Amino acid sequence: MLVAMYDAAIAAQPSRADELASLRDQHIEHAQALGSAAPGSSASPASATPDRAQLVAAELQASRDRVTACSRAVQPDLARLLALIGASEAGHAAFLKGGSP
């Protein structure tokens, strides 16, 4: 979902393409590290272009989801990976809000 949201935002805001593509690319790397396809890469494009607040909300939700998944992980290495990805997603939200990751 996040990859598709970033793709839509990049298409609508070419002036921010470098900044947004960097965040999108990190989500693709996260999916690869988890051994899955890029999240949202096969989904149809978002029906509406997400604004900054929607991207922040999606990043924060993804980070919360990682915390939940981390707490359920049986393998320590998986728990560590999920924690790192969740921290990255929280950093994306801070960056999008105008803070530093």
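The side chain of R24 makes a polar contact with the side chain of D7, at 3.0 Å; a polar contact here is a pair of N or O atoms within 3.5 Å, where within protein one must be able to donate a hydrogen and the other to accept it, and residues adjacent in sequence count only if both atoms are side-chain atoms. The model is predicted, so local features need pLDDT of at least 70 and side-chain atom pairs count only at pLDDT 80 or more, while totals for chains, interfaces and linings use all residues. Residues are numbered from 1 along each chain as its sequence is written, and side-chain values use heavy atoms, with hydrogens and water left out.

**Overall fold**

The secondary structure of the chain comes to 4 helices and 0 strands, where helices (H or I, at least four residues) and strands (E, at least two) are DSSP runs numbered from the N terminus. Along the sequence the pattern reads α-α-α-α. Of the 101 residues of the chain, 35% count as buried; buried means under 20% relative accessible area, exposed over 50%, and partly exposed in between, with a 1.4 Å probe and protein chains only. Among contacts (heavy atoms within 4.5 Å) between residues at least 6 apart in sequence, 70% join residues at least 24 apart.

R24 is found in helix α2 and, at 19% relative accessibility, counts as buried. Leaving aside neighbours within four places in sequence, R24 is in contact with V3, Y6, D7 and I10. R16 lies in the loop between α1 (2-12) and α2 (17-33), and R16 is also buried, with a relative accessible area of 14%. The side chain of R16 makes a polar contact with the side chain of E19, at 2.8 Å. With neighbours within four places in sequence again set aside, R16 is in contact with R52 and L96.

Helix α1 is mostly covered, as 8 of its 11 residues are buried. These buried residues are L2, V3, A4, M5, Y6, A8, A9 and I10, and they pack against α2, α3 and α4. The largest nonpolar core has 14 residues, of which L2, M5, Y6, L20, L55 and L96 touch the most other members; such a core is a set of buried Ala, Val, Leu, Ile, Met, Phe, Trp, Tyr and Cys residues joined through side-chain atoms within 4.5 Å. Each of α1, α2, α3 and α4 (76-97) supplies at least two residues of this core, and α1 gives the most, with 5 residues. Leaving aside neighbours within four places in sequence, M5 is in contact with P50, Q54, L55 and A58.

**The largest pocket**

The largest pocket has a volume of about 190 Å³. On a 1 Å grid over the protein atoms alone, a cavity is a set of points where a 1.4 Å probe fits but cannot get out, whereas a pocket is an open set with protein on both sides within 12 Å along at least five of seven lines; lining residues have an atom within 4 Å of a point. Grid points are joined across faces, edges and corners, and a volume is the space filled by probe spheres set on the points. The lining comprises 11 residues, of which L2, A62, D65, R66 and E89 lie nearest the pocket centre. Helix α3 (residues 52-72) gives the most to this lining, with 6 residues. By class, the lining divides into 6 nonpolar, 2 polar and 3 charged residues, where Ala, Val, Leu, Ile, Met, Phe, Trp, Tyr, Cys and Pro count as nonpolar, Asp, Glu, Lys and Arg as charged, and the others, Gly among them, as polar.

**Residue pairs between α3 and α4**

G91 is found in helix α4 and counts as buried at 13% relative accessibility. Q61 is found in helix α3 and is partly exposed, with a relative accessible area of 35%. The table gives a C-alpha separation for each of these residues.

| Pair | Separation along the chain | C-alpha distance |
|---|---|---|
| G91 and L60 | 31 residues | 9.1 Å |
| Q61 and A93 | 32 residues | 9.8 Å |
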